[in-house]
Amino acid sequence: LGEIVAENPETRGMGTTLSAVLYADGQALIGHIGDSRIYRLRSGEFTQLTKDHTYVQMLVDNGEITPAEAERHPRRNLMIRAIDGIHELNLDIQIVDLQIGDRFLVCSDGLSGVISDSRLAEVITDSDMTRASAQLIDYAIAAGAPDNVTLVLAEYRHNVETDLAFMVGSPTENSLPVIDTEPIKTKKSLLPYIGAVGLAAVVLLAGFVGWWNQQWYVGIAENNVAIYHGIPQDLFGIELSSVDFVSDISLTELSEIDSALLIRGIVVADLASANALIADLSSRTIEMCDPGTTEC
């Protein structure tokens, strides 16, 4: 962004927001800056997990106005923190626990600014997340959304057959005509094509280095069982792990179940647990015979 601003002086003073959720090892890593929002629906309870970085939110926090007054305040779109390519990136970062069935709504203020929390909560209970996402877009447009309406709806689920938990999501977007040439003080949107998910790596680099250093999993490298430092995921081609140790246990020596789990990556608590798992796998390897002989 800094390079873009330097090459295009007319963009100075504009900016964009970031609200990102990164799923890893049974937790959700959240990075946020600006006035987009992240909500969670859990067992019927709808909670806003992020706080708007706006002037009116600051007034609410200071007790100068009520939340209801903030919704009608003439300066409600005035942001005090955003990504502008000039100031240091200052994200709010948090780790939240996950429960099976949790739903996360990540959305721009084009949605949250015109649709009430109660209405958002009602719509995202739909079993079909794609349908729910499209319905939210339709409601926002019908309500006269003054800005782009973008959202991602995700749910934390459990696969009974593999006994693995995973995150599944449904994104949808409908860009409305927007004239956004005023400074960041009044509105946003320097690069509307910069999405929350696309900037998830920024969240990691900005605040989760210490967390990442404590993450380990056992997987496959060079067709052998290996210990990885990091998490078994990547973001837009950016790998979030590196090989720490490659054992002499070949993938062909393992059962189909063990092989399938290792290909996906088995997350462990720490390095000691990884070594213990390697030892356990070694004790359960299948004795192989040399090709063309009857001896093993």
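Tutor: In helix H9, which covers residues 256-264, Asp258, Ser259 and Leu262 are buried. Seen down the axis of H9, these buried residues fall within an arc of 100°, so they line one face of the helix. The arc is taken over the directions from the helix axis to the C-beta atoms. Buried means a relative accessible area under 20%, exposed means over 50%, and partly exposed is in between, with a 1.4 Å probe and protein chains only. Helices (H or I, at least four residues) and strands (E, at least two) are DSSP runs, numbered from the N terminus.

This is a predicted model, in which local features need pLDDT of at least 70 and side-chain atom pairs count only at pLDDT 80 or more, while totals for chains, interfaces and linings use all residues. Residues are numbered from 1 along each chain as its sequence is written, and side-chain values use heavy atoms, with hydrogens and water left out.

On the other side of H9, Glu256, Ile257 and Ile263 are exposed. Asp258 counts as buried because its relative accessible area is 10%. Apart from its neighbours within four places in sequence, Asp258 is in contact (heavy atoms within 4.5 Å) with Leu281 and Arg284.

Asp258 also takes part in an arrangement at the start of H9, where a side-chain oxygen of Ser255 reaches to within 3.2 Å of the backbone nitrogen of Asp258. A polar contact is a pair of N or O atoms within 3.5 Å; within protein, one must be able to donate a hydrogen and the other to accept it, and residues adjacent in sequence count only if both atoms are side-chain atoms. Just after H9, Gly265 takes a positive phi of about 100°.

Positive phi values also occur in two loop residues. Most residues other than glycine have a negative phi. Ser43, although not a glycine, has a positive phi of about 50°. Ser43 is found in the loop between strand S3 (37-42) and strand S4 (45-48), and it counts as exposed because its relative accessibility is 75%. Glu222 has a phi near 55°, again a positive value in a residue other than glycine. Glu222 lies in the loop between strand S9 (216-221) and S10, and at 73% relative accessibility it counts as exposed.

Strand S10 (residues 224-235) contains Asn224. Asn224 is buried, since its relative accessible area is 18%. A polar atom of the Asn224 side chain lies 2.9 Å from the backbone oxygen of Ser247. Not counting residues up to four places away in sequence, Asn224 touches several residues, among them Gly219, Val246, Ser247 and Asp248.

Asp25 gives a loop position with an intermediate accessibility. Asp25 is in the loop between strand S1 (18-24) and strand S2 (27-33), and it counts as partly exposed because its relative accessibility is 39%. Beyond its neighbours within four places in sequence, Asp25 is in contact with Gln215 and Val267. Its C-alpha atom is separated by 9.7 Å from that of Tyr217, 192 residues apart along the chain.

Another helix, H2, holds Met58. With a relative accessible area of 34%, Met58 is partly exposed.

Of its 296 residues, 43% count as buried. Among contacts between residues at least 6 apart in sequence, 62% join residues at least 24 apart.
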